Amino acid sequence: MTDTKMLIEIPDFVTVRDLAAAMDISPINVIKELMSNGIMANINQEIDFDTAAIVAEEMGYEVVSPETLAAEAEEEETEQLAWREVLAAENAADLSPRPPVVTMLGHVDHGKTSLLDVIRQTNVQSGEAGGITQHIGAYQAQREGKLITFLDTPGHEAFTAMRARGAQATDIAILVVAADDGVMPQTREAIAHAKAAHVPIIVALNKIDLATSNPPLVKQQLSEAGLVPDEWDGDTMVIPVSAKEKLGIDDLLEAILLVAEDLDPQANPKADPTGTVLEARKEKGRGIMVTLLVQNGTLKKGDTLLIGEHYGRIKVMYDFRGKIIKEAGPSTPVSVAGLNGIPEAGDQFKTAASEKAARKIIAEEAEAQRGQVSARSGPVSLDDFFSRLQEGDTKTLNLIVKADVQGSLEPITNSLEKLSNEEVSVEILHASTGNITESDVMLASASDAIIMGFNVEADAIAQAAASSEQVEINTYNIIYKLFEDVEKALKGLLAPVYEDVVIGRAEVRQVFRIRGAGNIAGCYMRTGEARRNAKARVIRGSSLLYTGPVSSLKHLQENVREVKAGFEFGVNVSGWNDYKPGDFIEFFMTQRVDR
């Protein structure tokens, strides 16, 4: 008997054997206890809950039924739900409006930078000490007493690269389109990237002061690109502006505030500070300077930042004008010094209690990740799309389509969209002509999309990015095969594609007879490597004689897992015995490949 009784769960009726197992004791002891209570039962006989409870309590256990546990669990869940509602109410009380965060996108020479400069200059009071002393990649403008935060990104590629790293830093996208040039390929890409991020788009129709400007034509092009102007009963505001003549700037800011009013962006200034790295660099005389966008909480001088594997105590903090500040709330861009390394744009920051605590967190995270596959699942592939659909991981097949000519692109996108059904939809995030680029890959990475190409290829930079970002690229030169693969993927009928990849080639120089093992080929490894878990082809002259798995691999009489180029070794290919000097043995592995 023990003072503290152990809890065991038993059903309404239980056999003597199962009761003994639950208490981890011999069934004989249970039978004896039953006999002492006047109950005769064998090992397989069932007893009721009350009888089992008496026996268990005599032996130091407390019993509970599944119904009791379920009721207690339900009661606990109800209490937790009520507590979560209290916390949510408290958190809701802590929420307060924050400035909207705006990113400008568009074609390279349509005036993004000029427009940003005009907005910044018109919002800096001439009497401010120091004026703009530095450029930190972000700044704030004021309209009707309300702040707007602008992010100065180089283009939609940087915008999407940050999003691919988990940074959801933008509330509104401003699409800058030149009134004299119209919608260009880069404009269409920017639209696709903004739509994929699910942020509202306002069009800034720039250069309206030029005699060659043609706003009606540009609005028609925007409509064809999926942005129907509100004056044409669409839902996209198109604001005429001129950065050169400083026209329409107030209208643009007013439009941003109107959209922000609908969005109602909020944050909790009392929470632990978190946010996104906008840029980082090493400056002469100042060390490592990191530009941050505070997204929640209030960041203060002296806080210890933790960004990936980098950390450091904030020694000094500047606002976008270069003025030293002590704290920064949500939607505020700041530049800070004190980090021990240079993080990447898009990295998420948080704070730690101290530098010692930061080092401990970094070490623990590194230990947890050691030897494990990256947690990022990566964009879905055609091969496994159906299985992920069945598991409820996805309901939409996101595609980026590239074709050689416009005449091929339109029927491809139209036919792909028609493959949608009640269970799954096919969404074309972006479709354009030309080879597959890095921009396409980054959009796919950020949106869990697959790239489908017809009569095009991926350039070297795009291929490297696809490998790094785990993006699947499928290219075709037969149009119906492209449709067929997507249709099969939606139905779960698409089988993975495998191919044999040669990893090494060896020359047979001698043949040894081993009793009980047959002939062994004494070889010299010419290129690559031989592996014990590989398959091999025996080649004589130009004829393929045999293919089979490697059954043994030896170097200096010892069994080895692999042999590198330049070494001699012995090998036996299972099922083959007729080696001759001068034969070649080609080693290969069967690997799954993208289509």
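D440 is placed in helix 13, which spans residues 438–447, where helices (H or I, at least four residues) and strands (E, at least two) are DSSP runs numbered from the N terminus. The structure is a predicted model, in which local features need pLDDT of at least 70 and side-chain atom pairs count only at pLDDT 80 or more, while totals for chains, interfaces and linings use all residues. Residues are numbered from 1 along each chain as its sequence is written, and side-chain values use heavy atoms, with hydrogens and water left out.

With a relative accessibility of 1%, D440 counts as buried, a term that means under 20% relative accessible area, as against exposed (over 50%) and partly exposed (in between), with a 1.4 Å probe and protein chains only. The side chain of D440 makes a polar contact with that of K402 at 2.7 Å; a polar contact is a pair of N or O atoms within 3.5 Å, and within protein one must be able to donate a hydrogen and the other to accept it, while residues adjacent in sequence count only if both atoms are side-chain atoms. When neighbours within four places in sequence are left aside, D440 is in contact (heavy atoms within 4.5 Å) with E189, I400, K402, H430, N435 and I451.

E487, by comparison, lies in helix 15, formed by residues 479–491, and is partly exposed, since its relative accessible area is 35%. The C-alpha atom of E487 is separated by 6.8 Å from that of L419, although the two residues are 68 residues apart along the chain.

In the protein chain as a whole, there are 15 helices and 33 strands, and 45% of the 595 residues count as buried.
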